[in-house]
Structures are given as structure tokens and as C-alpha cells.
Amino acid sequence: LARTNAGLQHGFRGVPRVTELLQSVVIRPAVKGDLRRLRRLVGNSDATQVWRFFVDNAFHGHREEPGNHVIFVAEKNRRVVGFSCASRSGNDAYLKQLFVHPAHRHSGVGELLTKARLDHARGEWDSRNVFVLFSPSNREAGIRHYRKFGFKAAGKNSCYDAVLRLK
């Protein structure tokens, strides 16, 4: 994918606009060598073990079923600052993990990663429905994030506290 600035035009006098901050962010599909880099990235998080499991699981799915799993990496100045995963089953796509290093949160990186997954789900996979599944630990902030993209509540199931759907 190309460099992008998401067109976000916020900012105050003396503070760089989000578009300026995002000029150097590159969103690209993950490659084999990224596994070590993503593990190092999540090693600085509060929930290191859980995120390492997510990274390992995502790479396993990506390697075993590359047409049904995708991982996007966000780089700023050639350093990995975030990643996101998605998978598909039939005509449905599932937006999975979204991780942005704490120092880069609230800067638009998460929006760029989500847009990359949505573009892939709608374009490459031609998915009719796109879902996001939440457990209680990440629910509130995640729901706010995905509502910006038009996701609506679709109930819950036995494994997830909240399910959002984009038609």
C-alpha cells in the first residue's frame, strides 16, 4: 500500500496536524521477517503474553491459509509502530487484532490500519459482511473506534461480549 495521510485535518497552533504526523506512516502487508519485529513491538505493551499469542496465531493463519488471513504492518520512519489482522470465512470478513504502540496511539495510525483491512475485505475478498468481535477487556475503546467507520451493534454470542457488523 502507499503512503497515506487519511485526510484528517486537525491541529492547533504549534501542534502538527494529524496529516503531517501521518506523512511518514506506511501501511503494508506483513512479510515473514515481521514476526520478530511484531513480537518486539508488543513486548512493550501491558498485556505482553496475550499480544504475543495474537501475533503468533495471526502469523500461523497467514502462513497456513494465506488467502484467508492478512496482516498489515504500520511503519513510521522504518520502525514498526502497529499492526492489524483480518480473516475471512465464506463471504464474511472478520477484523481481528489492532495494536498500536502506546507512543503512537491517537495519531491516526489505528484508522489507517483499519482502513487497510476494510479495503482488503471489500476489494480483495469481496466480502458481503464485515464483523468485529469484542471481549470485555477491549470493548469500549474498540467500539468507539469502529463506529467511526459505520459499524453497528449486531448483538453478542457465547464467546464475545459485543459483535459489530458493517454491511
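User: What is pLDDT, and what is its mean over the chain?

Analyst: pLDDT is the predictor's confidence in each residue, from 0 to 100. This is a predicted model, and the mean pLDDT of the chain is 79, with 78% of its residues at 70 or more.

User: Where in the chain is confidence lowest, and where is it highest?

Analyst: Helix H1 (residues 18-22) is lowest, with a mean of 50, while helix H4 (residues 109-122) is highest, at 94. Over residues 1-20 pLDDT stays under 50; the model has 30 contacts beyond four places in sequence for that stretch.

User: How should I read a helix such as H4, and how many of its residues are buried?

Analyst: An α-helix has 3.6 residues a turn, so residues three or four places apart point the same way. From first C-alpha to last, the 14 residues of H4 reach 20 Å, close to the 20 Å expected at 1.5 Å a residue. Ten of the 14 are buried, which leaves H4 mostly covered. Among the buried residues are Val-109, Leu-112, Leu-113, Ala-116, Arg-117 and His-120.

User: How do the lining residues divide by type?

Analyst: The lining of the second largest pocket has four charged, three polar and three nonpolar residues.

Methods: Residues are numbered from 1 along each chain as its sequence is written. This is a predicted model: local features need pLDDT of at least 70, side-chain atom pairs count only at pLDDT 80 or more; totals for chains, interfaces and linings use all residues. Side-chain values use heavy atoms; hydrogens and water are left out. Ala, Val, Leu, Ile, Met, Phe, Trp, Tyr, Cys and Pro count as nonpolar, Asp, Glu, Lys and Arg as charged, and the others, Gly among them, as polar. Helices (H or I, at least four residues) and strands (E, at least two) are DSSP runs, numbered from the N terminus. Contact means heavy atoms within 4.5 Å. The expected span of a helix is 1.5 Å times one less than its number of residues. Buried means under 20% relative accessible area, exposed over 50%, partly exposed in between (1.4 Å probe, protein chains only).
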